[in-house]
Amino acid sequence: MLYRSVPKTGDRLSILGYGCMRLPTTRTGGVDEERTVRQIRHAIDAGINYLDTAPIYHLGRSELVLAKALEGDYRKKVRIATKLPHWEVYGRGDMERILNRQLSILKTRHIDYYLLHSLGRGSFLKLRNLGVLDFLDDAKKDGRIRNAGFSFHGNLSAFKEIVDAYDWQFCQIQYNYLDEKNQAGTEGLEYAAGKGLAVMIMEPLRGGNLAGRIPEQVRAIWDAAPVKRTPAEWGLRWVWNHPEVTVVLSGMNDEAHIDENIHTAGEGFEESLTSEEIARIDKVRDIYRDLMKVACTGCGYCMPCPAGVDIPGCFADYNAASLFPRDRAGKFQYVGRHGGLMGEPSYAGLCRTCGKCAKACPQHLPIPALMKAVSAEMESMMWAAIPVMKGALWCMNKAARIRHVFMGE
Ligand code: SF4
Ligand code: SF4
């Protein structure tokens, strides 16, 4: 395993982090605890020392199972990262309650890396107005958290504003060879690293789109390479090639993939890809872009939309779904991100066809017409599941409050 340092503290972290958002599940959909514990301990034994979880992963089970995996000596060997869900926060009391509950669930006195979860400009302003920066200062002072950071899914300008708003130790962004100009992108990565933040990477394989089942045209390019690597290896090596990257998170649940990723991490040196290899990855990127339905680069010039549509975000999910039309995962992702489950809704169907965005788009995309296509394709059957999912989240919040009031959790 290779390690990289957190610039502000010198903490040495494994370049491969264990993402606990896609743990192995049982036939009934629950987390397969025994298998998960075995996998996590195996990964730690192989040198992984950064484990990332959140209250929302596996509807609250991820933190619980991670605590089991870290019983005994394992807790001492790792750094735990978990997150504050802004959609459950209405005041300072909620921040305290949620953090204290996480410490109790994770059976630990401190969280090593604590993130404000899934920020964009609006959610950050909301949390800041509620006093979250004082909360982070106080939690660091009293030792409940060691490092403060945030994970991010907004646009580049919002990212820079948030980076500049506090003395963060780290941040977490979506980054892979298709997302160089999407969300924070390469410019955001370099900006954050330039300000001394460690940068953790999520979605290095675009939710699996860049590995596993891949389009035939892409397979042909990988097969023609003199060095044989799996699509996942190419994708991960591309991310680690950037010296600004500290940890790459992979949501792992299969023993063979865990071992493959650990093996790849042993070769994930900075600036280790040749110019020919980078050119090959560029070719693959071009093919993916051809296959995708909308040539949106994620630049964000069209934002903000007065109707609240996350224009680049909707296009990104629409494109992901178009690579494999029979796969429903992309549509689920769209519902989760834009359906209003974790904040304000931002789906394409909100578009009022005002045309403001199209005038600003450097790609000259007919955005209002495309929004209609996205809405028709992505907001069909699964849209009906939103009230059910909202109801489940509401029940989880209520249950947490009841436990807090009656059991002091
Ligand atoms: S045309 Fe639609 S998506 Fe574009 S700015 Fe107006 S409301 Fe938003
Ligand atoms: S301005 Fe155009 S290319 Fe840029 S994010 Fe908006 S739709 Fe995409």
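Good morning. Helix H10, residues 231–240, has 8 of its 10 residues buried, so this helix is largely enclosed by the rest of the structure. A residue is called buried if 20 or more other C-beta atoms lie within 10 Å of its own, exposed if 12 or fewer, and partly exposed in between, with C-beta atoms placed from the backbone. Helices (H or I, at least four residues) and strands (E, at least two) are DSSP runs, numbered from the N terminus.

Before I go on, two remarks on conventions. This is a predicted model, in which local features need pLDDT of at least 70 and side-chain atom pairs count only at pLDDT 80 or more, while totals for chains, interfaces and linings use all residues. Residues are numbered from 1 along each chain as its sequence is written, and chains are lettered from A and ligands numbered from 1 in the order in which they are written.

To return to H10, its buried residues are Pro 231, Ala 232, Trp 234, Gly 235, Leu 236, Arg 237, Trp 238 and Trp 240. The elements covering them include helix H9 (216–223), strand S10 (245–251), helix H11 (255–265) and H12. Contact here requires C-beta atoms, placed from the backbone, within 7 Å.

S10 brings us to the barrel. In the order S3-S4-S5-S6-S7-S8-S9-S10, 8 strands close into a barrel with parallel pairing; two strands pair if DSSP finds at least two bridges between them. On average, neighbouring strands of this sheet are turned by 30° against each other, direction ignored. The axes are lines fitted to C-alpha atoms, for helices over the stretch in contact, and angles run from 0 to 180 degrees between N-to-C directions. As one example, strand S7 (residues 145–152) and strand S8 (residues 170–174) run parallel and are joined by 3 bridges. Ser 151 has Gln 172 as its bridge partner in S8.

I turn to the nonpolar cores. Such a core is a set of buried Ala, Val, Leu, Ile, Met, Phe, Trp, Tyr and Cys residues joined through C-beta atoms within 7 Å. The largest has 75 residues, of which Cys 171, Val 199, Ile 201 and Val 248 touch the most other members. Strand S6 (residues 111–119) gives the most to this core, namely 6 residues. A second, separate core of 22 residues includes Ala 321, Val 335, Cys 357 and Ile 367.

Some details of the backbone deserve mention. Most residues other than glycine have a negative phi, and most peptide bonds are trans. Ser 118, which is not glycine, has a positive phi near 55° and is placed in strand S6. Ser 118 counts as buried because it has 21 C-beta neighbours inside 10 Å. Gln 183 also has a positive phi, near 55°, and lies in the loop between S8 and helix H8 (185–194). A cis peptide bond, with omega about 0°, joins Met 303 and Pro 304.

Finally, Lys 331 belongs to helix H14 (residues 329–338). Is Lys 331 buried or exposed? Lys 331 is buried, because 20 other C-beta atoms lie within 10 Å. Thank you.

Methods. Contact = placed C-beta atoms within 7 Å.
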